[in-house]
Every structure is written in structure tokens, then in C-alpha cells.
Amino acid sequence: MKMKSMKKVVGPEYNLSEKIKTNVYAVGVAMQESVYPHTMTVFYPRERKKMPDNYRGFILFDPDKCISCFNCSFVCPANAIRMKEAPSRRYYPTVDYGRCIFCHFCIDSCSGGALKATKIHDVAYKDMDEMFTPTEEMIELPEIIREDKKYVEYEIEEDDLHLKRTKGEDYLFVEVPPPIQIPMVSQCIDRASCIGCRVCEEMCESGAISSSAENGMLRMKIDTDKCTGCGLCVKECSMQILMLKLKKFE
Amino acid sequence: MVNTLMETVMSNQVSIPLIEPMLDLLPEIPVLQYMVAFMLWKPLFAVLICPGLTVGGITLLFFPWIERKLCGRAQWRVGPHEIVWWLGGVIQLLADTLRFLFQEVIVHKDAHRPYFLQFPFLSFMIFLLPLLFIPAGTIVAIQTPYAIQIILALVCLFPLFILGLGWASNSRFAYIGTVREAFMYFAYEIPFIIAAIAMIILYGTSDPLLMASRQSIPGIILNPVAALVFFIGAAMATSRMPFEIAESDQELCAGPHVEYSGIAFGLIYVLCYEKAYILSALMTILFLGGGSGPAIAGLGDLSGAFWFVVKTYLVLTTLFMLRAVYPRYRLDQGLKLGWSPMLVMALIGLAISLVVVAVRVI
């Protein structure tokens with residue numbers, strides 16, 4: 001049987017002129033880099049990396065635009081958003097940042113454009129309990145001590161990454177145009193199947209659904225002007241006879 | 001007696017035309033004129049200001065920072081940054097020194113207590129001695145025709161004190177580091193001294209002042225081989241990065257001074273910078289023409305000192321930049337480099353010197 005021949009790994013051999021050339025090149029590179037380094041470091045508190053406008057950061061909330069549709073809390077994959085009852089008897093979202101994975105599904109699903117994304121990514125908390133953020137703290141931007149005088153951008157030039165520093169502050173809050181709202185309204189599609197459980201009336205936040213007893217029969221009525229199209233009644237209807245439909249303008 | 005003393009002092013003054021109008025006002029002030037005259041007396045000026053205490057102190061205070069900053073930038077790091085960040089952390093070493101001053105000096109149980117505590121301070125003083133013989137321009141503390149030999153002898157004394165540090169520490173890391181230091185000492189010392197002797201033969205003198213005057217062409221052009229050997233020898237002697245064999249951080253933590261803490265460690269930390277400063281000064285004298293350079297109007301004697309310091313700092317910076325470029329040698333590689341190529345190159349340098357002298361005679 002033939003033995004496999006062993007090979008010794010040897011480094012490349014250079015002659016004297018090549019050695020001198022490589023040494024001079026190495027020293028030249030060191031000199032060049034020490035004068036004008038291509039360092040990538042961002043000196044964080046004094047300068048910030050410029051984030052893109054669609055950066056997923058701290059979530060802001062505008063209660064005037066909220067229609068309490070619960071969509072954010074339904075869609076949240078980490079169960080970070082809970083709806084809490086406000087003194088005005090309406091339900092508003094609260095975010096537990098201990099759980100939040102910053103996927104911003106809530107913002108995408110918000111039909112009224114009440115939740116807004118910011119570029120804030122450096123919020124600090126003292127303990128886990130403090131990370132639960134009630135609605136009141138989501139309305140205004142959190143207090144930030146801004147030490148930064150410059151913002152930093154990475155640029156690719158000639159297949160090489162470069163750091164570009166610009167004087168000025170990066171705006172942490174981006175004003176995005178509100179989403180195109182499709183006016184929806186709740187409608188009963190099969191009145192005969194209604195069992196009169198009045199769940200929809202209890203659920204409705206805007207008081208658009210009312211009930212009245214006529215001749216021993218319960219009669220439900222949906223006020224299309226008051227209905228915000230939040231779809232809560234559609235989700236909760238035990239007979240599943242309610243449906244969201246496009247609002248017709250007259 | 002005061003008059004004779006003043007005569008000796010006044011006969012050997014550092015002349016600086018720029019501050020002469022100020023000095024003319026001084027005779028009206030009783031005590032200050034004697035003090036200023038004494039300060040400007042060349043030997044005392046050399047010890048206290050240049051190249052002695054002030055320039056040496058500035059070197060020790062800022063060159064560790066410059067080294068760390070330059071190497072950091074070359075390696076895409078930042079280097080010291082947070083202390084006085086708008087100046088890039090210049091006073092880093094001052095801050096470190098303050099911390100070291102108030103830190104406890106721990107003497108462990110196995111150490112030889114008296115030597116353990118004495119050696120850092122003793123070696124710091126010994127390391128300063130060669131500065132007495134190094135002239136900055138025309139300013140020198142002790143002028144002898146054997147200055148280079150004396151400086152070389154004192155430089156060769158340095159490793160003894162490092163060995164002492166390691167022995168007094170009585171720890172296994174210090175022991176290995178000390179043995180390595182001793183090995184390296186033999187490897188670099190002989191080529192280093194031969195290179196220096198080559199230059200002494202080339203100039204026909206070992207008086208630094210005469211040497212400077214005989215370098216119409218700088219020695220580095222006359223004998224580049226000896227200059228290279230001397231430079232590598234200096235890098236080995238200061239145990240800078242490519243030859244950081246004795247103090248290798250990876251295996252031995254800090255080699256001979258692994259057990260030290262507090263101000264004793266602070267002193268040892270600046271020892272190698274002190275050594276680098278002295279060897280760069282020696283290199284400036286031997287190969288770069290000492291304090292010779294275009295005279296700057298108004299500075300007088302300080303002009304030579306200025307050029308001397310600038311050249312020394314240039315050599316120091318180059319010595320420190322090696323750290324950013326080359327990886328560390330192993331002990332056997334270092335010994336091989338010292339005993340074979342460097343020794344041969346030193347002998348070639350000696351031959352070049354002899355040829356140059358022969359050509360000059362003919």
C-alpha cells in the first residue's frame with residue numbers, strides 16, 4: 001500500500017528586494033494611517049450616527065388620532081402593548097419596553113396614524129418596572145440630554161467605507177405624512193341571525209351602536225356618522241354577522 | 001570667594017539674544033540676578049532645562065501619549081481619548097501618574113523587601129545619568145573627550161537594574177522575563193557597541209561637540225549600515241514592540257515588573273521611555289549631526305538645542321511607530337537576529353567606516 005506523502009507547509013520566500021519593498025510599503029501605510037486614519041469609531045455622546053428616516057426607535061402616541069381599535073395590541077408579536085383605560089373611558093395603548101422588539105408592526109397597523117416612529121434608540125431605565133411606559137409618557141418625546149455637535153454618516157467610495165462628519169444636530173423625530181385613511185363603517189349583513197346579545201353595544205367606544213326594544217323585540221342600530229370604523233364590534237360579534245364596509249359619501 | 005564663583009559662572013553662560021533686554025534690567029534686583037546667572041550657567045542649564053529635567057520631563061509626560069495615539073490611529077483604534085477629549089487626551093499620563101501616586105505599593109510575601117522597594121528608584125536615577133554627557137547644541141553638563149564611551153557604558157548598565165527588579169520580585173513570571181532580558185542583552189549589546197565604535201572611528205573623536213562639527217554630511221548617509229544596526233539595537237534595548245520579548249504582555253504580563261504596583265510601577269513604566277529618549281539622543285549625536293542646523297535668529301545657543309530636540313523627537317517617533325508596523329519576535333528569533341544578521345551588519349558598518357577614513361587620509 002502506498003503511503004500518502006506528507007507535505008510541510010512553508011511560508012512564501014522573498015528575496016532581499018521584495019523584503020525591502022514590503023517593509024517600506026508597511027511603514028508607508030502606517031505613516032499614512034497615523035496622519036489620516038480611516039477609523040470608523042463614532043464618539044457617541046458627542047456625535048451621533050445619522051439614522052435613516054424609517055428607523056425603528058421609541059414609539060410616540062397621539063391620543064387625538066387614536067380610534068381605540070386595539071389593532072396595535074392585537075398585532076404585537078411580543079405582547080408588549082396592552083390597552084389601558086384612560087379617565088376619558090377610552091382605551092389607549094401602553095408599551096412595555098422590556099418586551100418590545102421594535103418591529104413597529106403596531107405603527108404599520110395603526111389605522112388612524114396615532115402611533116409614530118422616532119429615531120430615539122438610547123432610552124435608559126433604572127429597572128424592569130420602569131420599562132413599562134404608560135400612555136402619558138408616550139405622548140411627548142422623552143427627556144434627552146443632547147451633547148452631540150456633529151452627526152456621522154457612512155459613505156461607500158471606491159469600494160471603501162468612509163466616515164463623513166457633518167456639523168449640526170440630527171433630528172430624532174421624523175414628521176411623516178399620515179397614512180391614507182380609508183373610511184370604513186360597521187354594517188350588519190344578516191339582521192335575522194342577530195341573537196341580541198348586545199356585545200357590540202358594550203364594545204363600541206364611540207357610542208355608535210344603540211339598542212332599543214320594540215314590541216318585545218330588540219332592535220340594534222348603527223349610527224354611521226358616529227362610527228369610527230375601528231372594527232371592534234366586528235371582532236367581538238358572537239354570530240359574526242357584522243362587517244366593515246367602505247363608507248359611502250353622499 | 002563669591003566673586004570667583006560668579007566669574008566662573010558668568011564666563012560660561014547660555015547666550016540668548018531674545019531675553020538679553022530682560023537680563024539687562026536684572027542688576028537692579030539684588031538676589032534674582034545671581035539666581036538667573038546661575039540658571040543660565042551652561043552645566044546647570046543642561047541639567048535643569050535642556051536636555052535634562054524639563055525637556056526630559058516633557059518627553060516622559062507626553063511621549064507615551066504620542067506613541068499610544070499614533071499607533072492607535074495607524075491600527076484604526078482611537079488611543080487615549082476621554083481625559084480632556086477636545087485635546088485628544090493629552091494629559092493621560094499625568095492622570096495616570098496621579099493615580100499611581102495615591103495607589104498602595106504592594107510588597108508580596110516572597111519578595112526581597114529592601115531591594116524590591118529600592119530598585120525602581122535606583123534604576124530611575126541611573127537611567128538619568130547619561131543625560132549629563134549628552135550635549136544639546138553647545139549646552140552640556142560635563143564635557144569630556146570620552147563622552148560617547150561613558151554614555152555607552154551607562155547604557156549597558158541599564159539591564160543590570162532590570163535584572164535586579166526581576167530578581168527582587170521573586171515570582172515565576174518575573175524570573176522568566178528576567179532571563180529573557182539577560183538573553184536579549186547579550187544579543188543586541190555587541191552589534192550596538194560595534195556600530196557606535198564604527199562612528200567614533202569615522203569621526204576620529206568621541207567628543208559629541210566635535211562630532212557634530214565634523215558631520216557636514218550626516219553620519220546616517222556616510223554609514224547607513226551602522227545607523228540601521230544602531231536603530232535596531234536601540235529598539236531592542238528599549239524593549240519596544242517588535243522586540244518586546246522580556247516584557248511580553250501575552251505570556252508574562254509585564255515580565256520583570258509584573259509584581260509592582262503604585263508609584264513604583266509608574267517609575268518602571270516610564271523607564272523604557274527614558275531609555276528610548278537617551279538612545280534617540282545618542283543616535284542624533286552619532287548619525288544626525290547633533291545640534292547642527294540652520295541658526296534661528298534670536299535664540300543664540302538655544303538654536304542648537306532646538307534642532308537637537310527636534311531630531312531626537314523625530315527618532316523617538318520613528319522608534320515608537322515600529323510598534324504599529326511589525327509583529328512581535330519570539331525569543332529565539334530575536335537572539336538569531338541579534339547574533340547573526342545584526343552582528344554581520346555591524347562588522348560591515350565598521351568596514352565602511354574604515355574605508356571612509358582610508359579614503360579621507362589618501
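Predicted model: local features only at pLDDT ≥ 70, side-chain atom pairs only at ≥ 80, totals over all residues.
## Where the chains meet

Chain A and chain B touch each other. Nine residues of chain A take part in the contact, along with eight residues of chain B. Sort the chain A side by class and you get four nonpolar, four polar and one charged residues.

Which residues of α1(A) and α5(B) meet? From α1(A) come Ala30(A), Glu33(A) and Ser34(A). From α5(B) come Leu70(B), Arg73(B) and Ala74(B). By class, this contact has three nonpolar, one polar and two charged residues.

## The domains of chain B

Domain 1 of chain B gives five residues to their contact, and domain 2 of chain B gives six residues. On the domain 1 side, four of the touching residues are nonpolar, one is polar and none is charged.

## Nonpolar cores

The largest nonpolar core has 75 residues. Ala195(B), Phe230(B) and Met283(B) have the most contacts inside it. Helix α14 of chain B (residues 262–287) supplies the largest share of this core, with 16 residues.

What does Met283(B) contact, leaving aside its neighbours within four places in sequence? The partners are Phe230(B), Phe231(B), Ala234(B), Leu288(B) and Val315(B). A second, separate core has 29 residues. Phe58(A), Ile67(A), Tyr92(A) and Cys200(A) are among them.

## A closer look at Ala147(B)

Ala147(B) sits in helix α8 of chain B, which covers residues 147–169. Is Ala147(B) buried or exposed? A residue is buried if 20 or more other C-beta atoms lie within 10 Å of its own. Ala147(B) has 25 C-beta neighbours inside 10 Å, so Ala147(B) counts as buried.

Again leave aside neighbours within four places in sequence. Ala147(B) is then in contact with Phe133(B), Ser206(B), Asp207(B) and Pro208(B). Leu209(B) is 62 residues from Ala147(B) in sequence. In space, the two are 9.7 Å apart, C-alpha to C-alpha.

Technical notes: Residues numbered from 1 in each chain as written. Chains lettered and ligands numbered in written order. Contact = placed C-beta atoms within 7 Å. Nonpolar A, V, L, I, M, F, W, Y, C, P; charged D, E, K, R; others polar. Helix = DSSP H or I, 4+ residues; strand = E, 2+ residues; numbered from the N terminus. Core = buried A, V, L, I, M, F, W, Y, C linked by C-beta atoms within 7 Å. Buried ≥ 20, exposed ≤ 12 C-beta atoms within 10 Å, placed from the backbone.
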